[in-house]
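Take a moment to look over the chain from end to end. Then follow the text below from the whole fold down to single residues.

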Amino acid sequence: MAITFSHYLQSIRKEKKLTQQEVLELLIASDSTFAKLDLTTFSRWERGVTTPKLTKQLLITRTLGGDIAMLINPDVKRSTNKQNLIHYFNRKTLDPYSKNPNTFTTHHYDSLTEEFKLCQQLEVFHSDYLGMDIESETLRKSNLLLNSFVDQSEVMIGHFLYGFVPTDTKSTQLNPNKLSGCLFINPNELSTVPISMYIISSYSSLSAPRMMSILMILDALRQNTEIKSLYVNCHDQDSYNLYSANTEFDIITKGPPLPYGGIKVFGKHYRYVQLKIKAENILASKVVSSLVPFTDEYIQGLLGKNGQ
């Protein structure tokens, strides 16, 4: 159940035995967003006189190590048009020949070092479908993580390829065609230092795995406060629309221009578009407010539904 922001501030400050000044200094040091924050404004927040927008509430909560789900109302009203975007993204039929369109198994890989065949499949996918020059050897040596979705015959029907990078990683190093020069953090060595989650690619012909990928993103951002932002390579119009209509973002790079198809941005078409989104902007989006407080339950429900 959602609580008021003022109640949260009071409770978390007392729990950590901090003064208002100490919390203020902690926030100012944590993010440039709070550079002009003063004690008067903080006191008004805590007393409920004024309330910052939800994205700032979540940024404060994550900085203080709290659970952002407490501040999100799963029943918040959202526009029909924006809600339809996520429904269309998940329900669109891409594999009309499948007899059991929602039956799949998920395999998680913390390392791709020994997954030669799998990496070859991913190389072909990125080259032929996305126009990205990502070699299988790069995938095996880059500390990347993978969730693959397979059908009852163990044929891959989708994947979710991602990794973690330092927040100060240069945009040129994030170019998907130059991943060999990108420093991905070993998942076994993640610490409390600020990091970004980088989604190289995500695809599935079935709706349930597509929903699973969305839930994995939300759950990772909710559970790991050290993840400050999300980099995502959008390679279809539906995924781009989902982000562009519901969050604030920066375009980091664009793929090769196309005469038509791909992703349309400001009247021009591209093979893919790379976005940078602050974690709080995603978590505060009304279109996912019904999912964020219950990410773990939804994920377990999908896994259980598919016999995992």
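Eleven helices and ten strands make up the secondary structure of the protein chain. The model is predicted. The chain has 308 residues, and 47% of them are buried. Now consider contacts between residues at least 6 apart in sequence: 72% of them join residues at least 24 apart.

Ser201 sits in strand S4, which covers residues 195-204. Is Ser201 buried or exposed? Its relative accessibility is 0%, so Ser201 counts as buried. The cut-off for buried is under 20%. Which residues does Ser201 touch, leaving out those up to four places away in sequence? They are Phe125, His126, Leu130, His159, Phe160 and Leu161. With His159 there is also a polar contact: the two side chains are joined at 2.7 Å.

Now turn to the loops. Glu154 lies in the loop between strand S2 (145-150) and strand S3 (156-166). Its relative accessibility is 51%, so Glu154 counts as exposed; the cut-off for exposed is over 50%. Look at its backbone too. Glu154 is not a glycine, yet its phi is positive, at about 65 degrees. Most residues other than glycine have a negative phi.

Phe266 counts as exposed because its relative accessibility is 78%.

Note on methods
Residues are numbered from 1 along each chain as its sequence is written. This is a predicted model: local features need pLDDT of at least 70, side-chain atom pairs count only at pLDDT 80 or more; totals for chains, interfaces and linings use all residues. Side-chain values use heavy atoms; hydrogens and water are left out. Helices (H or I, at least four residues) and strands (E, at least two) are DSSP runs, numbered from the N terminus. Buried means under 20% relative accessible area, exposed over 50%, partly exposed in between (1.4 Å probe, protein chains only). A polar contact is a pair of N or O atoms within 3.5 Å; within protein, one must be able to donate a hydrogen and the other to accept it, and residues adjacent in sequence count only if both atoms are side-chain atoms. Contact means heavy atoms within 4.5 Å.
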